[in-house]
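This briefing covers selected strands, helices and backbone features of the structure shown below. Please keep the sequence and the model at hand while reading.

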Amino acid sequence: MTSAPIRDPLADHFLTPQNSAFLFIDYQPSQLATIRSMDPALLLDNAVSTVKTIKTFGVPVVHSTVNVAAGQGPTLPELASLLADDKPLDRTTVNSWEDIEFLQAVRATGRRKLIICALWTEVCMAFTALDALRDGYEVYPVVDAIAGTSPEAHRAGLDRVIQGGGQPISWVSLACELQRDWARQETVAAIYEIVLTDRLLKEH
C-alpha cells in the first residue's frame with residue numbers, strides 16, 4: 001500500500017504540527033486537588049502524555065498559570081519539567097482570553113487551530129474556548145486531559161463549548177492526528193513510545 005502525498009499542512013482541515021497551537025492553562029496543585037470528574041492520577045498521566053506529544057511535534061505552546069504571584073502553587077512539577085522552554089504567563093483573570101499577555105501570545109503563534117488543556121473544564125477551559133470561538137478560532141479541548149469539579153460540571157462545560165463549535169478530541173486521537181502516517185519516521189518512534197509503550201500497552 002502506498003501513502004497519498006502529504007496534504008497541505010497549513011490548509012489541512014485536520015490538526016497538523018504546522019497549523020495548530022497548544023494552550024495549557026492552570027495545571028496547578030490547587031486545581032488538581034479539587035477535580036471530581038475523573039481520577040486525578042489518570043488526569044495527570046493524560047496531561048503528561050498530551051504535553052509530550054505536543055513537544056514531539058514542535059507545536060507552539062502558550063502556557064499560563066493563575067495567581068502564582070498571590071501564593072497559588074506553580075505548574076505541577078511533572079508538567080513544568082516538560083515545559084521548561086515555555087515560560088508560564090501568570091494572570092489574575094479567570095478567563096485567560098481576558099489577559100492581555102495571554103491573548104498576545106496566542107496571536108503571536110499565527111495559528112488558528114487551538115488545542116486546549118485547562119483546569120477546570122467548566123471554567124478556565126470553557127471561558128477561554130468560547131471567547132476563542134467568538135474570535136474565529138477553531139478549538140479542540142482534550143477531553144481526557146481536562147476535568148471539572150463534578151462529572152456534571154465537566155459535561156456541561158464540554159457541552160457548552162461543543163454547542164459553540166468546539167471539536168473535542170482525546171489525547172490518543174491528538175497524537176495519531178498529528179502523526180497521521182506511520183511512515184513519517186522522524187516522530188514515529190517517540191509517538192509509539194508515548195502512546196503505546198508508556199501507556200496503552202503498559203501493565204498495571
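A residue is called buried here if its relative accessible area is under 20%, exposed if over 50%, and partly exposed in between. The model is predicted.

- Helix H7 spans residues 171-179, and its buried residues are Trp171, Leu174, Ala175, Glu177, Leu178 and Gln179.
- The cover over these buried residues includes strand S1 (20-25), helix H2 (40-56), strand S4 and helix H8 (185-200).

**The unit formed by S4, H5 and S5**
- Strand S4 (residues 113-118) and strand S5 (residues 138-141) run parallel and are joined by four bridges.
- Within this pairing, Lys113 lies opposite Glu138 of S5.
- Together with helix H5 (residues 121-134), S4 and S5 form a right-handed β-α-β unit.
- The loop between S4 and H5 contains Trp120, and the peptide bond joining Leu119 and Trp120 is cis, with omega of about 0 degrees.

**Positive phi angles**
- Most residues other than glycine have a negative phi, and most peptide bonds are trans.
- Asn67, although not a glycine, has a positive phi of about 60 degrees; this residue is located in the loop between strand S2 (61-66) and helix H3 (77-80).
- Asn67 has a relative accessible area of 28%, so it counts as partly exposed.

Key. Residues numbered from 1 in each chain as written. Predicted model: local features only at pLDDT ≥ 70, side-chain atom pairs only at ≥ 80, totals over all residues. Heavy atoms only, no water. Pairing = 2+ DSSP bridges. Helix = DSSP H or I, 4+ residues; strand = E, 2+ residues; numbered from the N terminus. Right-handed = clockwise from strand over helix to strand, strands pointing away. Buried < 20%, exposed > 50% of the residue type's maximum accessible area, 1.4 Å probe, protein only. Contact = heavy atoms within 4.5 Å.
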